[in-house]
Amino acid sequence: MLRSVLESQVKGAFGLLGVSEPVPYKVEVPPRRELGDYATNAAIVSARTLKKPPMQIAKELVDEINKLDQGRHFSKIEIAPPGFINLFLSDQAIEQRLKEIVPLDREWGKSARYLGRSVLLEYVSANPTGPLHVGHGRWAVFGDCLARLFSAVGYRTEKEFYVNNVGNQVDKLYASVLAARAGAPVPENGYGGAYVQETKGETIGEMLAFNLNEQKKVLASVGVEFDRFYYENELHDQNLVLGAVEQLKRNHQTFVEGGAVWFKSQEHGDDKNRVLVREDGKPTYFAADIAYHLNKFERGYDLMVNIWGTDHHGYVQRLKAALKAIGLPAEKLEIIIGQLVALYRGDEQVRMSKRTGEMVTLKEVVEEIGVDATRFFFAATDVNSHLDFDLELAKKRSSDNPVFYLQYGHARICGILRKGEGSSDQGIKELKISELSTPAERNLIMKLIRFPEVVYDAAQLRHPHRICEYGKELAALFHSFYEQCKVLGNPSREYLVGATRITLRNVLDLLGITAPETM
RNA sequence: GGGCCCGUAGCUCAGUUGGAUAGAGCAACGGAUUUCUAAUCCGUAGGUCGGAGGUUCGAUCCCUCUCGGGCCCGCCA
């Protein structure tokens, strides 16, 4: 990507100044166009260690950059107080990037930065005791988009769903279903939702399988699929849970009290110690989860990412402490906390609770507002922020929905290309950057060539919503361009819209949203 | 009582790990269609970035305190 080329130019300039290890600086897009195509704060952040005024460092850096570059990338470099270096790209550099887009096609935006590395994503992992709620949907879409991003920067990516098919809740479900069928009241601490009545199966195993299958169907309907379902009972059957406890014992991380085996989590900063094996000899969910993650580590991934609901946040430190206590590199496990979705119908908030039975399921939402819109809404915001989601609004405003704005841009271009004679591939030979000089054209071009940087940043920060932001900005610049510039008959513009189509399509692909050719 | 998250325009949300004059969509108001798709575009209006201190060349971003909302603190999962 262009930005990393520029970063190394600055690094080279530092080298010529005799600074081999410059303090970390950034090359970024400045807030206004007059301030260049890219800008760096390198001179400002170095002022302290170099003991020179930032403006002076900036001047020295610019001299060296000019020597190195010889006008290849930059047409102009300016210095602005308190020491920003503003870089203006040459037409040659811009054209070269622009010409990469169409040949790369589906590869455009991807990078090989993490090629050869592997990542395991675990998400949703809902209990098989009922339907998925809207929060699950949000986390599912987030996880799915994150997986696509990881793949786009080179990771070998695996997606996994952990099925908690063991424990008290399982018995509770069984008792609740039988009670519901008999018309009896909900058992103590049982499940009371309407779905209990609808749960099929005679044995508890059949009921769990039924619920899981329903979850899978809903997930598939929003385009979320997994490489593996890992069943908790396998951990128990293979004796892996007690095996994990043994490892903690061996490392003197446990003690016995009240007939139970405890993990000394207080020694790792927890506010209390935690039970691993209960008085009755049954391991806790915590012990099973340690075993599960031990198993993940043994499978040898370079990175493991979990997406957990906010109700599990208190659990993060505990699990990591246990993994460290076993001697595992816990920093390879990253846990992202997903906040809940507050659902509204107009002004009225709908509570999500399995107990009351009043919850709105993911299935209902998808059926109501559609797959593409559901995915876009869930992917468009930071998963760590609370989300207020108004169903009435999402449905009523469906034609003004941002997702249609992107899709319309794609369809509009397809319409143009259908009417044009030449394909984009021909256009590439005739593309002359000098013919694309209006602000509308330049704004669109600059947005396009930054796409790989956006993908990289989004993956790096685990922020799929940046792809949505980028897509909205790109679509806006295209629509604006379209109003001002006649495309057909101008090969350079034909190439430009072809490149825009590919970029929009790749954006939608990263989000798992369809890119229609007509609307 | 303790922990984590959030608080930015009327509403829903961005804000590039501390940068330059804080942005977008919706809602409101005013315009644009003999032209490749008007599911579009152009313009106007809208802000003590919850509040108060602090750190520094510079804070929406970091620290402390505080107010408001959410989630959690089990030998449940």
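Author: The buried residues of helix 20 are covered by elements that include helix 14 (371–379), helix 16, helix 18 (439–449), helix 19 (451–460) and helix 21 (491–511), where two residues are in contact if their C-beta atoms, placed from the backbone, lie within 7 Å. Helices (H or I, at least four residues) and strands (E, at least two) are DSSP runs, numbered from the N terminus. This is a predicted model, in which local features need pLDDT of at least 70 and side-chain atom pairs count only at pLDDT 80 or more, while totals for chains, interfaces and linings use all residues. Residues are numbered from 1 along each chain as its sequence is written, and chains are lettered from A and ligands numbered from 1 in the order in which they are written.

Reader: Which residues of helix 20 are called buried?

Author: They are Ile467, Cys468, Tyr470, Gly471, Leu474, Ala475, Leu477, Phe478 and Phe481; a residue is buried if 20 or more other C-beta atoms lie within 10 Å of its own, exposed if 12 or fewer, and partly exposed in between, with C-beta atoms placed from the backbone.

Reader: What makes aspartate 105 count as exposed?

Author: Aspartate 105 has 12 C-beta neighbours inside 10 Å and therefore counts as exposed. Its place is in the loop between helix 4 (91–104) and strand 5 (118–122), and its phi is positive, about 50 degrees, although it is not a glycine.

Reader: Why is glutamine 70 called exposed?

Author: Glutamine 70 has 8 other C-beta atoms within 10 Å, so it is exposed. Glutamine 70 lies in the loop between helix 3 and strand 3, with a positive phi near 55 degrees.

Reader: How do you know that the span of helix 3 agrees with its number of residues?

Author: The expected span of a helix is 1.5 Å times one less than its number of residues; the 16 residues of helix 3 (residues 54–69) should therefore span 22 Å, and the end C-alpha atoms are 22 Å apart, which agrees. Within helix 3, the residues Pro54, Ile57, Ala58, Leu61 and Ile65 are buried. They cover an arc of only 100 degrees around the axis, and therefore lie on the same side of helix 3, the arc being that of the directions from the helix axis to the C-beta atoms.

Reader: What do the buried residues of helix 3 pack against?

Author: They pack against helix 1 (2–16), helix 2 (42–50), strand 3 (74–80) and strand 4 (84–89).
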